[in-house]
Amino acid sequence: MGRMIVPEASSIDRATTVRYRIVFIATLSAVLLYADRNCVSFAARYIGDDLGLDPTQVGWLLSAFFWSYALAQVPAGWVGDRFGARGTMVVYMLCWSLLTAALGLANGFAGLFALRLACGLAQAGAYPICSALVGRWMPLSARGLASSIVSLGGRLGGAMVPTTTAYLLDMLNWRGVMLIYGLIGLPVAWWFARWVTSSPHEHRRCNPAERAMLATPVPTAGQRRAATSIPWSTFLRDASLWSMSIAQFGTNVGWAFLVTWLPDYLEQAHQVPTDERGVMSSLPLLAGMVGGLIGGWLTDRATARWGVRWGRSLPMALSRFGAAAAFVACLWIDDPWLATAAFVVVSFMTDLGIGATWTFAQDVGGRNVGAVLGWGNMWGNLGAALSPVLLESVLGEDRTDWSRPFVVCAAAFAVAGVASLGFRADRPLAGRASRLPITA
């Protein structure tokens, strides 16, 4: 009797890698998201001079985006949950791109203000939808790193804007710059529509092996109708979600110092020259990018070792305590470069917890991942909007005692750290059984 010959595994047995392309396109969307968001800030002086806006109007113009962006987080994320990530994200992307281009046609404060409010509404669903895509397209063991990579796209987009905008303004007026930023979004939206699907089961190039690895079940008709309304009552009574909300609110109250008051601090407290001040202000943001990548890897490793309960909670909590300690150290620092080193630690620690926050929402959100992440982002953005006003009030008119803002920022991070200990990624939201599970 002859020896049995076992055929080699066919290519169909090897998982395809569509998931990596999905993460890449989501990251590219995040780059566009922050580029279109921040370009107005760096062109604000030119806009104000051209249209005769006073400083108060320019301030309102810059803040308009963040208020609508914050308040629309949950509804915009829910729309993605309800109608699918692919079509919803494409519509959002087209809307905010065309609205950015339309800024170049505005002739007064009212038009600019309305367009910025609308941009905030259009961008509000982007990160919640990207988080939902990561949850459906990446296995549990890799969600942290994938989430951090997408978030890194936003940081890259924001970091590119100052240099890119300055270069464009040397060649064009601010109207042309807005048009270019807006038009860039059209090919990105086309690519997103061509390559992204809401789940692996809808993608024609995702083979059975990759779908099995992702363990994303095919939704039934009843499950597709499950997210017909925002689960406000669940959000309001879930202690773990409130922990996430407080953590993100406190984090952004402290972190916003780096993007609002840091240049003023370096100038007024240490008389740092303009060029050197620019370098010092950029270093923390670069450190944040590194922290984000490491944080995603860290929460994946911690989850493999200790489970989702502490694998999500501890990286978030410890990173917030680390940022608080760095702000406390600033109370005894008199050298601007040493202070910059402390702010580098703050930024690194802040972004170190991003992966844990995103994956927490993916772990517990079920069919409402977008709405869950939107809920936390709403509170985080409200914290960022409140931070400049709060720090201004404690700083005082003389602007000589910077210890008070440091104490406020340290306290905000400490509160965020304590709240993060309440993350319970091992406990799904109330009523989740009726929704589509996405955890692997």
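A charge is taken to sit over a ring if NZ of Lys or CZ of Arg is within 6 Å of the ring centre and within 35 degrees of the ring normal. The model is predicted, so local features need pLDDT of at least 70 and side-chain atom pairs count only at pLDDT 80 or more, while totals for chains, interfaces and linings use all residues. Residues are numbered from 1 along each chain as its sequence is written, and side-chain values use heavy atoms, with hydrogens and water left out.

**View 1. Arginine charges over aromatic rings.** The charged end of Arg37 sits over the ring of Tyr34, at 4.1 Å from the ring centre. Arg21 places its charged end over the ring of Trp195, 3.9 Å from the centre.

**View 2. The whole chain.** The protein chain has 19 helices and zero strands (DSSP runs numbered from the N terminus, with H or I of at least four residues for helices and E of at least two for strands). Of its 440 residues, 54% are buried (buried means under 20% relative accessible area, exposed over 50%, partly exposed in between, with a 1.4 Å probe and protein chains only).

**View 3. Aromatic pairs around Phe343.** The whole structure holds 19 aromatic pairs (rings of Phe, Tyr and Trp, the last by its six-membered ring, with centres within 6.5 Å; planes under 30 degrees apart are stacked, over 60 edge-to-face, the rest tilted). Tyr265 and Phe343 form an edge-to-face pair, 5.7 Å centre to centre with 90° between the planes. Tyr265 lies in helix H13 (residues 262–270) and Phe343 in helix H16 (residues 336–352), so this pair ties together parts 78 residues apart in sequence. The rings of Phe343 and Phe406 have centres 6.1 Å apart and planes at 50°, so they make a tilted pair. Phe406 belongs to helix H19 (residues 403–420), and the two residues are 63 residues apart. Phe343 is buried at 0% relative accessibility, and Phe406 is buried at 3%. Phe257, Tyr265, Phe327, Phe343, Trp402, Phe406 and Phe413 form one aromatic cluster.

**View 4. Salt bridges.** Side chains of opposite charge can pair when their charged atoms come close. Two salt bridges are found in the whole structure (a side-chain nitrogen of Lys or Arg within 4 Å of a carboxyl oxygen of Asp or Glu). Asp50 and Arg175 form a salt bridge at 3.7 Å, N to O. Because Asp50 lies in helix H1 (residues 18–51) and Arg175 in helix H8 (residues 174–195), this pair ties together parts 125 residues apart in sequence. Asp50 is partly exposed at 45% relative accessibility, as is Arg175 at 21%. Arg404 forms a salt bridge with Asp401, with the closest N and O atoms 3.4 Å apart.

**View 5. Asn381 in helix H18.** Asn381 lies in helix H18 (residues 369–395). Its relative accessible area is 12%, so Asn381 counts as buried. Beyond its neighbours within four places in sequence, Asn381 is in contact with Phe66, Tyr69, Ala70, Gln73 and Asn252 (contact means heavy atoms within 4.5 Å).
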